[in-house]
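Keep the viewer open while you go through them.

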Amino acid sequence: MHTVLTRGNATVAYTLSVLACLTFCCFVSTVFLDYRVASNINTGKVLVKNVPDYGASREKHDLGYITFDLETNLTSLFNWNVKQLFIFLTAEYKTEDNVLNQVVLWDKIIRRGSNAVLDFKNLNTKYYFWDDGNGLKNNPNVTLYLSWNIIPNAGLLPTVKSFSSHTFKFPSEYASALI
């Protein structure tokens, strides 16, 4: 006859196998969904300054300053396998030194059950828009993208870009330090 420990071990092993199977079914049920939605991004004030970096070298680098409007509805992204969304706004641009520069300017966490309809007007960036040189002044092709990470209950952690983007140009003159 089997002992109590043997029966307990069999019960726990069977329970863990069933839970692993259910977790895999949870993952498979939502992995092929399309998590892209459209967003509307517009820039307001756009300035560029040439200020000393706070590093050891104290060289002057470009610091961009923008305000933006953001409008999107992310409610369709939530299903029973999505706990929260980590959304972030990135700026991508090209300089003489680098083919691709990416800077995160703003982010927000949206939990399940909270308002996922975003309608922000004249919003400031949350993080500094530093360039590692002087590549922002008169840069004609800076593109803003809204992206998000989907934090699931089980499964992959995808990074998704929205359908739309917004391209703008930095001014050809540096702003005064008083602005």
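**Exercise 1: two domains**

The C-alpha centres of domain 1 and domain 2 lie 43 Å apart. Work out what the interface of domain 1 and domain 2 looks like.

First, some ground rules: this is a predicted model, where local features need pLDDT of at least 70 and side-chain atom pairs pLDDT 80 or more, while totals for chains, interfaces and linings use all residues. Numbering starts from 1 along each chain as its sequence is written, and side-chain values use heavy atoms, leaving out hydrogens and water.

Step 1. Take the bounds, which come from an automatic or database domain assignment: domain 1 is 1-30 and domain 2 is 33-168.

Step 2. Find the contacts (heavy atoms within 4.5 Å). Five residues of domain 1 touch eight residues of domain 2.

Step 3. Get the buried area (accessible area, 1.4 Å probe, lost on putting two parts together, summed over both). The two domains bury about 560 Å², with 72% of it on carbon and sulfur atoms. Of the area that domain 1 buries, Cys26, Phe27 and Thr30 supply 84%, more than any other three residues.

**Exercise 2: the sheet**

Step 1. Strands are DSSP runs of E, at least two residues, numbered from the N terminus, and two of them pair if DSSP finds at least two bridges.

Step 2. Zoom in on S3 (82-93) and S7 (142-152): ten bridges join them. Phe86, for instance, has Asn149 in S7 as its bridge partner.

Notes. Helices (H or I, at least four residues) and strands (E, at least two) are DSSP runs, numbered from the N terminus.
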